[in-house]
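Please look over the sequence and the structure before reading on.

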Amino acid sequence: MAKEKKAKIVEELQDTFSKSSVGILTDYRGLKTAELNVIRRKLRDANAEYKVVKNTLALIAAKNSGLEHTADAFAGPMAVAFSSGEITETAKILTEYIRSNKSTLKILGGFLTDRMLTVADVDTLAKLPPRTVLISQVMAGIQSPISGLVNVLAAPIRGMMQVLQGRIQQMEGK
């Protein structure tokens, strides 16, 4: 490859690395072009992209992007699913594709902007509910003790109101 072409590829990869919040490393050997296109289409629908990378160029781009912790990850034929959106969505798409198509695609790990992910970490990401569900669960967890406290604090006042209501009804002769 000409130096200019390599420099352009490194620049594009560097831009992709810097924009991505998550990258999932896969071994694509054994997949047909049609299968790769299906994976790319599914990932594109989730605002992610799937690129077959040359390890040396990807390593240079990752280091230039401040992702030095990914240095050991680039070994052997590999493709990377980059996503700048929902972190869990890319993992879900890839694991679902592998499971539903009994594909030979293998997940090798991944990376976030600050750390590496193991295969188990990627699997855990795939099993997480969407971000909106997680936020609603946290909010429900925060709201529950507060509403319990309000009920506890309101109980004596409610009790007093019931006693007064009973006394009013007694005085009215009911």
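Predicted model: local features only at pLDDT ≥ 70, side-chain atom pairs only at ≥ 80, totals over all residues.

Residues are numbered from 1 along each chain as its sequence is written, and side-chain values use heavy atoms, with hydrogens and water left out.

The chain contains six helices and five strands, counted as DSSP runs (H or I of at least four residues for helices, E of at least two for strands) and numbered from the N terminus. Their order from the N terminus is α-β-α-β-α-β-α-β-β-α-α. The C-alpha atoms fill a box of roughly 100 × 35 × 25 Å along the principal axes.

Buried residues (under 20% relative accessible area, 1.4 Å probe, protein chains only) make up 30% of the 174 residues.

A nonpolar core is a set of buried Ala, Val, Leu, Ile, Met, Phe, Trp, Tyr and Cys residues joined through side-chain atoms within 4.5 Å. Two such cores are listed here.

| Core | Size | Residues, among them |
|---|---|---|
| Largest | 22 residues | Ile24, Ile39, Leu43, Tyr50, Leu94 |
| Second, separate | 16 residues | Leu57, Ala58, Met78, Phe111 |

The residues named for the largest core are those with the most contacts inside it. Helix 4 (87-101) is among the elements that give two or more residues to this core, and its share, four residues, is the largest. Isoleucine 39 is in contact (heavy atoms within 4.5 Å) with Leu31, Tyr50, Leu94, Tyr97 and Leu105, leaving aside neighbours within four places in sequence.

Note on methods:
Buried < 20%, exposed > 50% of the residue type's maximum accessible area, 1.4 Å probe, protein only.
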